[in-house]
Amino acid sequence: MSLLQRTLKLTLATCSAAFLASFLGANYAITAGIIAILSVSDTRQRTFTLAYQRLLSALLALALGSLVFLILGFHLWSLAPFLLLYVPLAHHFQLEIGITPSTVLVTHLLLEESVALSFLANEVLIFLIGTLSALLVILYMPGRQKELETYHTQVENLLKGILKRFVFFLRQGDGRNDAKLVKELDLELRQALEVAYLDYSDQLLQKDSYHVDYFEMRQAQNYILKDMAQTINNCQLSSEESHILAGLFQHVADQLSQLNPAEALMEEIQTYLETFRKRPLPQTRQEFETRAILLQLLKDLKQFVQLKVDFASHYRNQINEKIRSDNRNK
């Protein structure tokens, strides 16, 4: 939620809650606005969760407050035993999020010097008005689909860039690789996952973790790329096998896409593995070490592609629907 959106939601929730409480003749109507401010969160799910916890916390506080005031009287120092009972119980039942607004409600009973049902109903009313106002304004959340698709494109472009850099190093036989693009991708994925988690939290009825799982899959691939970058740093000899492997890396980069199930790539990688095993044995120690490094890169690439195959298998229907949608829009 942007600063502007949050500001508008807080303003609307606060003013509407205070106005409605006043219109209904509730005492301490402004408190409904304060409760609304405290109840607005960044996502729908969190707002609903906090509202439920605060409701239970408020009921607990009003019950304890009424009991303490009936026994000890309506004195300022009576707040001390109330808090000594209420705060530990709120923490015990994981309702500490409601300590502040609930304590404010209890102080109203102290000021009125009464725990009559009418005063208790007033406190429950202003609490409900404030909470419901927050829930209503949070129901509208701007869609994040466009932002997520932008991250999809940026992440895939960085992945392609990394694989093509690997192609360059394999063909040149020079492993001086600072993994700059890998670090950029790591930052991009962290930002993408933040948005994906928020989008998932905003889904109330039907949860869809496609974007979360997608970026987590790409993050797992990036961990593999970090290892591959280190491996390439040890490859100081250009060979026929390194040129063959460079062609495979180029092919993977060219076919890298959110919509590619990557099953054909896995078959191609398996063919390359069998080809590597049938190649003539290295003649020198340096050639042997280079062959071992290239074989490790090939195995890492297989693991890299396997992650995409597993993801595509799990979300086959959604990917097919996206393909059909793209074809209709062309």
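Predicted model: local features only at pLDDT ≥ 70, side-chain atom pairs only at ≥ 80, totals over all residues.

User: Why is H7 called roughly antiparallel to H10?

Analyst: Helix H7 (residues 145-172) and helix H10 (residues 240-255) pack at an angle of about 165°, with their axes 8 Å apart. Angles over 145 degrees count as roughly antiparallel, so that label applies to H7 and H10. Their crossing is left-handed. Among the residues that meet are Leu-163 and Phe-166 in H7, and Leu-245 and Phe-249 in H10. By class, this contact has 9 nonpolar, 4 polar and 4 charged residues.

User: What makes the pair Phe-82 and Tyr-86 stacked?

Analyst: The ring centres of Phe-82 and Tyr-86 are 5.3 Å apart and the planes are at 10°. Centres within 6.5 Å make a pair, and planes under 30 degrees apart count as stacked, so this pair is stacked. Both residues lie in helix H4 (residues 79-92), 4 residues apart, about one turn of the helix.

User: And why does Phe-82 count as buried?

Analyst: Buried means under 20% relative accessible area, and Phe-82 has 0%, so Phe-82 is buried. Tyr-86, also at 0%, is buried too.

User: How do you know that Phe-168 and Phe-169 are edge-to-face?

Analyst: Their centres are 5.6 Å apart and their planes at 65°. Planes over 60 degrees apart count as edge-to-face, so Phe-168 and Phe-169 get that label. Phe-168 is partly exposed at 40%, whereas Phe-169 is buried at 5%.

Conventions
Residues numbered from 1 in each chain as written. Heavy atoms only, no water. Axes fitted to C-alpha atoms, helices over the stretch in contact; angles between N-to-C directions. Helix = DSSP H or I, 4+ residues; strand = E, 2+ residues; numbered from the N terminus. Parallel < 35°, antiparallel > 145°, perpendicular 65-115°, else oblique. Left-handed = near helix turned anticlockwise from the far one by under 90°. Contact = heavy atoms within 4.5 Å. Nonpolar A, V, L, I, M, F, W, Y, C, P; charged D, E, K, R; others polar. Phe/Tyr/Trp six-rings, centres within 6.5 Å; stacked < 30°, edge-to-face > 60°. Buried < 20%, exposed > 50% of the residue type's maximum accessible area, 1.4 Å probe, protein only.
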